[in-house]
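Thanks for coming. I will go through one structure, a few residues at a time, and give each term its cut-offs when it comes up.

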Amino acid sequence: MGCYECCVKCLGGIPYASLFATLLCFTGVALFCGCGHQALTETERLIETYFSRNLQDYTSLAYIIVYFQYIIYGTASFFFLYCIILLAEGFYTTSAVKETFGNFRSTFCGRFLSTTFIAVTYLLAVIWLLVFACAALPVYIFYNMSSTCQTITILSETSSGLNQLCVDARQYGVLPWNATPGKVCGMTLVAVCKTKEFDMTFDLYIAAFAGAGATLVALLTYMMSTTYNFAVLKFLGRQARLAQGPRTVHSDTKPAILLSPQIHFLMGLSANWAYSKDSWKVRLYNSIRVKETQELEEILKSSRNGTTSSNEIDKA
């Protein structure tokens with residue numbers, strides 16, 4: 001085998017879907033955790049400087065921010081380890097890798113692990129969908145605050161009574177209702193919007209929101225790839241059991257995973273693709289094997305006829 005064939009064989013064994021999902025997950029989690037951690041710190045500073053004069057008003061908020069920051073540390077560590085595990089699972093269950101290392105026999109343990117990864121990834125995707133929705137809330141709050149500042153700036157030269165335009169942190173649940181002042185109005189609000197702390201916090205929340213979206217896309221990609229791997233494992237396990245008998249592919253065989261209505265639509269598409277692809281490979285292999293067997297029989301038959309005719313000539 002030459003260098004080119006070796007390179008093609010090695011590249012064919014790479015699970016590109018899992019690799020893409022791993023890189024996307026690392027990027028998304030890094031954005032969400034890093035930017036979210038710093039944005040929470042800056043939010044506490046803005047509340048302390050402009051929205052509350054009493055330390056007791058935002059003590060609970062400060063504790064919540066600290067708890068969320070510790071959760072961010074754990075989230076980053078968990079996703080780093082879990083993505084590495086899913087990437088390794090993708091390498092060892094990709095059909096190209098199984099072809100590289102020779103014949104593969106599916107085991108109950110392998111199918112159980114693939115099913116576990118599907119369930120855990122599906123659960124993480126549902127939970128992270130809620131995280132993605134929650135990450136949009138601070139972006140919405142800061143967007144409303146920025147829009148109010150722009151409105152005040154536009155109306156400052158033509159209108160009076162601008163102090164009635166305010167941003168009240170209490171109505172978003174950030175501060176208790178007895179907090180003083182709890183809101184910022186008029187040109188004071190415009191001054192807050194022009195500070196570097198406000199711009200940086202707004203940008204950090206947008207980056208964290210984008211990171212949460214990237215992580216959600218990565219989890220959906222993982223869910224599709226793990227479902228595909230499970231379907232391949234089950235299909236190859238069935239082929240290994242049929243190896244002892246006639247090697248035929250029954251057209252009425254259906255993947256059991258698609259019969260459950262609880263499985264995600266994308267997971268069903270992945271399983272369908274896995275079964276269609278590997279069924280086509282098996283059919284192609286069987287047709288080639290039948291043709292080669294026929295050619296070999298013809299060669300043996302012709303060689304026998306030639307041997308028989310030569311023997312008759314010698315006897316004559």
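Cys-193 is buried, with a relative accessible area of 11%. Here buried means under 20% relative accessible area, exposed means over 50%, and partly exposed is in between, using a 1.4 Å probe and protein chains only. This is a predicted model, in which local features need pLDDT of at least 70 and side-chain atom pairs count only at pLDDT 80 or more, while totals for chains, interfaces and linings use all residues. Residues are numbered from 1 along each chain as its sequence is written, and side-chain values use heavy atoms, with hydrogens and water left out.

Cys-193 sits in helix H6. Helices are DSSP runs of H or I with at least four residues, strands are runs of E with at least two, and both are numbered from the N terminus. What does Cys-193 touch, not counting residues up to four places away in sequence? Its partners are Met-145, Cys-149, Phe-198 and Asp-199, where contact means heavy atoms within 4.5 Å. Ser-147 is 46 residues from Cys-193 along the chain, and their C-alpha atoms are separated by 9.8 Å.

Met-145 brings us to the core. Leaving aside neighbours within four places in sequence, Met-145 is in contact with Phe-51, Val-167, Leu-189, Val-192, Cys-193 and Phe-198. The largest nonpolar core has 51 residues, and Met-145 and Leu-189 have the most contacts inside it. By nonpolar core I mean a set of buried Ala, Val, Leu, Ile, Met, Phe, Trp, Tyr and Cys residues joined through side-chain atoms within 4.5 Å. At least two residues of this core come from each of helices H2 (16–51), H3 (59–93), H5 (108–155), H6 (186–193) and H7 (196–242). Helix H2 gives the most, with 12 residues.

Now helix H3, which holds Thr-75. Thr-75 counts as buried, at 17% relative accessibility. Apart from residues up to four places away in sequence, Thr-75 touches Cys-33 and Trp-128.

Tyr-67 is also found in helix H3. Is Tyr-67 buried or exposed? Tyr-67 is exposed, because its relative accessible area is 53%. Together with Tyr-63, Val-66, Tyr-70 and Tyr-73, Tyr-67 makes a nonpolar surface patch of about 600 Å². Patches are made of residues with over 30% relative accessible area and no salt bridge; like charges are joined within 9 Å, and nonpolar side chains (Val, Leu, Ile, Met, Phe, Trp, Tyr) within 5 Å. The areas come from the Shrake-Rupley method with a 1.4 Å probe, and for residues only the protein chains shown count as cover.

How many salt bridges does the structure hold? There are two, a salt bridge being a side-chain nitrogen of Lys or Arg within 4 Å of a carboxyl oxygen of Asp or Glu. One joins Arg-45 to Glu-42, with the closest N and O atoms 3.4 Å apart. Both lie in helix H2, three residues apart, about one turn of the helix. Arg-45 is partly exposed at 42%, whereas Glu-42 is buried at 3%. Asp-168 forms a salt bridge with Arg-170, where the closest N and O atoms are 3.0 Å apart. Asp-168 is buried at 13%, and Arg-170 is buried at 15%.

Last, the record. An unreviewed UniProt entry lists residues 19–40, 61–92, 112–143 and 204–224 as "transmembrane region". In the model, residues 112–143 are 100% helix, with end C-alpha atoms 47 Å apart. Residues 204–224 are 100% helix, with end C-alpha atoms 30 Å apart.

Conventions
UniProt positions renumbered as here; feature names shortened; annotations may be inferred.
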